[in-house]
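Subject: Structure handover

Hi,

Here is the structure I promised to pass on. My notes follow below it.

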Amino acid sequence: MKGLIIKDLMCLKKQLVLFAFLVAGVLAVSIMYVLSARFGNIALAAEKMIADNQLPGPDVQKLGSLALVLFMLLPIAMVGDMANVFDADGKAGFARVAGTLPVPLRKRVLSRYLTIFALFGIGVVVDIVIAAVLAALTDMITFADFFGIILSAASIQSIYSALAIMFCILLGKNHLDLARFLAILTLFAGVILANLGKIIAVVKKIAASSSAYNPEASGDISFLWDIRDFLIEKWYILLILAAAVCVSSYFLSCIAAETKRGVI
């Protein structure tokens with residue numbers, strides 16, 4: 001099975017090369033961002049927003065930290081598309097050879113899931129190193145907050161990748177784009193259902209602010225901070241959820257692979 005994991009990683013060779021360049025770029029741009037937020041144009045823009053009463057000081061700082069965090073999560077997002085492995089296997093005709101290997105089907109499926117953990121392990125370690133560097137340069141966000149958001153992002157991306165593997169096996173190598181779409185759709189549907197009450201409240205608030213001018217309603221972006229605080233403080237919930245989804249989708253993938261030979 002170790003050989004299968006190495007083979008899967010080799011199928012993602014182009015992504016891993018881009019990942020290395022992306023890490024270097026994210027680190028350089030992030031350092032420039034925090035320095036600008038402390039001494040340069042971003043700091044001046046923040047001061048102007050506070051002086052013009054566009055946003056209160058704490059919200060300006062939170063908005064700046066949110067932009068920084070979203071940018072530095074790119075390395076994790078870069079390594080998460082497992083559909084590329086199925087595409088490479090299909091072009092190479094590996095599924096025809098896989099049946100002759102002394103590796104049970106369930107272990108061939110398991111190797112795909114272990115590849116997820118290997119890739120996201122790399123992404124998390126890299127992001128933690130970047131977070132340590134940035135936390136030393138800015139008081140915009142602490143290392144502990146960085147750490148929580150990194151684990152939350154890795155958990156969400158793991159859920160997507162696990163669903164993508166399952167749908168790739170269910171639909172076959174000729175419908176990989178549909179498998180990606182269904183994985184994203186399932187993920188978004190879960191998020192919407194879990195936060196339906198909050199989403200309805202936000203929509204009502206937006207509708208109220210558009211029907212009649214209300215400075216407090218139109219400038220209220222507290223729902224963004226609710227999302228940010230959840231990612232920072234409740235990362236363990238997403239981690240447990242990701243583990244549950246990965247295990248469930250693994251067993252479903254094994255069942256699907258048994259009925260649809262020649263996919264993996």
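Note that this is a predicted model.

I began with Lys-62. Arg-228 sits 166 residues away from Lys-62 along the chain, yet their C-alpha atoms are separated by 8.9 Å. Lys-62 belongs to helix H4, which covers residues 57-72. Its relative accessibility is 27%, so Lys-62 counts as partly exposed, because that class lies between 20% and 50%.

Next, the aromatics. The model has 5 aromatic pairs. In one of them, Trp-235 and Tyr-236 have ring centres 6.1 Å apart and planes at 85 degrees. The pair is therefore edge-to-face, since planes over 60 degrees apart fall in that class. Both partners have some accessible area: Trp-235 is partly exposed at 26%, and Tyr-236 is partly exposed at 39%. Ring pairs also join Trp-235 and Tyr-236 with Phe-143 and Phe-147 in a cluster.

Last, the cysteines. How many disulfides does the structure hold? The count is 0. For reference, a disulfide is a covalent bond between the sulfur atoms of two cysteines. Cys-168 has a relative accessible area of 0%, so Cys-168 is buried. Cys-254 is at 13% and counts as buried too, because the cut-off for buried is under 20%.

Best wishes

Methods
Residues numbered from 1 in each chain as written. Predicted model: local features only at pLDDT ≥ 70, side-chain atom pairs only at ≥ 80, totals over all residues. Heavy atoms only, no water. Disulfide = S-S within 2.5 Å. Buried < 20%, exposed > 50% of the residue type's maximum accessible area, 1.4 Å probe, protein only. Phe/Tyr/Trp six-rings, centres within 6.5 Å; stacked < 30°, edge-to-face > 60°. Helix = DSSP H or I, 4+ residues; strand = E, 2+ residues; numbered from the N terminus.
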